[in-house]
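Trainee: I am new to this structure and would like a close look at one pair of packed helices. Please also say what surrounds it.

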Amino acid sequence: MTAPKRIELVCPAGTLPALKTAIDHGADCVYFGFRNDTNARNFGGLNFDAKAAAEGVRYAQLRGRKVLVALNTYAQPGAFERWTRALDLAADLGVDAVILADPGLMRYAVERHPDLRLHLSVQGSATTYEAINFYVRHFAIKRAVLPRVLSLAQVEHVVGSAQTEIEVFGFGSLCVMVEGRCALSSYTTGEGPNTVGVCSPAKAVRWQDTADGLEVRLNEVLIDRFATGDKAGYPTLCKGRYVVRDDTHYAIEEPTSLNTLELLPQLLQMGVAAVKIEGRQRSPAYVAAVTRIWRAAIDACTAAPSRFAVRDAWMGELANLSEGRQTTLGAYHRPWR
Amino acid sequence: MLPPLVRAVASRLPAFPPAVVCALTLSLFAPRVVGRDALATLEGRTFRIVVRDAGTSVAFRIAPERFVPLRPGHAVDVTFTANAVDFLRLAARRADPDTLFFDRRLLIEGDTEAGLQLKNMLDAVELPRWFSGIREKQGRTTF
């Protein structure tokens, strides 16, 4: 692929005010889901009904920005029509692309809406250019979102050989980074992202302030106890603290957020098409701050990549918004390699 | 933290009258602002808002198109606990609830699903333009 002139900033919208906030603060694209299990942030009160979606699409496109709709869960047995209806609605709304993971839904999209642009979701778990090119060949996808498991050198290798645009994650909460293949939530609660669109469904979560600290349970399983002053995280099994050989610690991973601001010059140079900000479950206040900072950084980097320097104020503000109040380069940086 | 005098006065006020005022205000505005359909999804749910540094709280139940005040001590489905300044910053959309939660400045106990739904419902409210104007002024001065 030839290097794009600029990196698109793709921002999350859980609600209409969040969408407008993202646009107002400089997002090139916004992405949202509908109010059901066809997307992986299927939380009560979140997401867009047809009316809000229409207004959101109008608001963004009037300002020359793009709208992507996440239909990134897998159609469940006996309910395929719910996914095709959601896809039809997205097409009718005139969105700029849909983000899909389910090959069955991709086939439907290709046949029914041949002009609709398809992006391969991170939930599709395509980590090699061969896998991505498979989707290009069979479904004519126009972009693939890379799972957060690759080092920067591996990302460059994929960008160089994939026959489509590549989008990477730039900022937001991390999970155990086996996107599309994680069954931890299903193991504990019977429900997971691929099946019902939620990791750690809220109905299974109980927070309780006790004499021993703030306890959190997932489907009655104690997954963490926070002492006074401990930072809290999302109540997911992967970020719990467990007793392993008499030692209580984050046995799977620490609550932390990805922040790749300092990698922007390399991402631009290697020809990454877009940077995605995680957080459709977050408030408009989060969307405003993260979008504003990333817009400023991308503009500075595009104008003069060699002189690009990450500002302390950006990093401080992003860390404050982060789960665990700490950020990491995640898999992009692997000093042991 | 609130000044000691404010805290001392607030904690001694009876909790029920503020709950009545709070519920009446919400009843007046919420159906129009939040939307009747959204409110209906939380019908029958009970909430308590504990202002930690004021030593006071209000509780209410969501009924069709209105909020019914509840007496102190009434069992509720969900309890939100934070300091006054953080509740004000949340109301003004100057703070992100998840960030306050990570920092342990906002606690949600009880039925997490109903609490999350209420939070998302409030996030989805489109604030009028005049509110944005006030918010900008507030940003320059106090919080």
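**A helix pair in chain A**

Mentor: The helices α10(A) and α11(A) cross in a left-handed manner, the near helix being turned anticlockwise from the far one by less than a right angle. This is a predicted model, in which local features need pLDDT of at least 70 and side-chain atom pairs count only at pLDDT 80 or more, while totals for chains, interfaces and linings use all residues. Residues are numbered from 1 along each chain as its sequence is written, and chains are lettered from A and ligands numbered from 1 in the order in which they are written.

The axes of α10(A) and α11(A) are 10 Å apart, and the packing angle is about 150 degrees. The two helices are therefore roughly antiparallel (over 145 degrees). From α10(A), the residues A289(A), V290(A), I293(A) and A297(A) meet W314(A), E317(A) and L318(A) of α11(A); contact requires C-beta atoms, placed from the backbone, within 7 Å. By class, this contact of α10(A) with α11(A) holds 6 nonpolar residues, 1 charged residue and no polar ones (Asp, Glu, Lys and Arg are charged; Ala, Val, Leu, Ile, Met, Phe, Trp, Tyr, Cys and Pro are nonpolar; the others are polar).

The loop between α10 (284-303) and α11 (312-320) of chain A contains R311(A). R311(A) counts as partly exposed because it has 13 C-beta neighbours inside 10 Å (20 or more would be buried, 12 or fewer exposed). Y286(A) is 25 residues from R311(A) in sequence, and their C-alpha atoms are 19 Å apart in space.

Next, the domains of the chain. An automatic or database assignment divides chain A into domain 1 (8-174 + 256-332) and domain 2 (184-249). Taken over C-alpha atoms, the centres of domain 1 and domain 2 of chain A are separated by 27 Å. Domain 1 of chain A gives 15 residues to the contact and domain 2 of chain A gives 10 residues. On the domain 1 side, 8 residues are polar, 4 charged and 3 nonpolar.

Last, the other chain. Chain A puts 29 residues into its contact with chain B, and chain B puts in 23 residues. In chain B, α5 (97-102), β5 (107-110) and α6 (112-123) each supply at least two residues of the side that touches chain A. The largest share of that side, 7 residues, comes from α6(B). The side of chain B that touches chain A has 10 charged, 9 nonpolar and 4 polar residues.

Terms used:
Contact = placed C-beta atoms within 7 Å. Helix = DSSP H or I, 4+ residues; strand = E, 2+ residues; numbered from the N terminus. Axes fitted to C-alpha atoms, helices over the stretch in contact; angles between N-to-C directions. Parallel < 35°, antiparallel > 145°, perpendicular 65-115°, else oblique.
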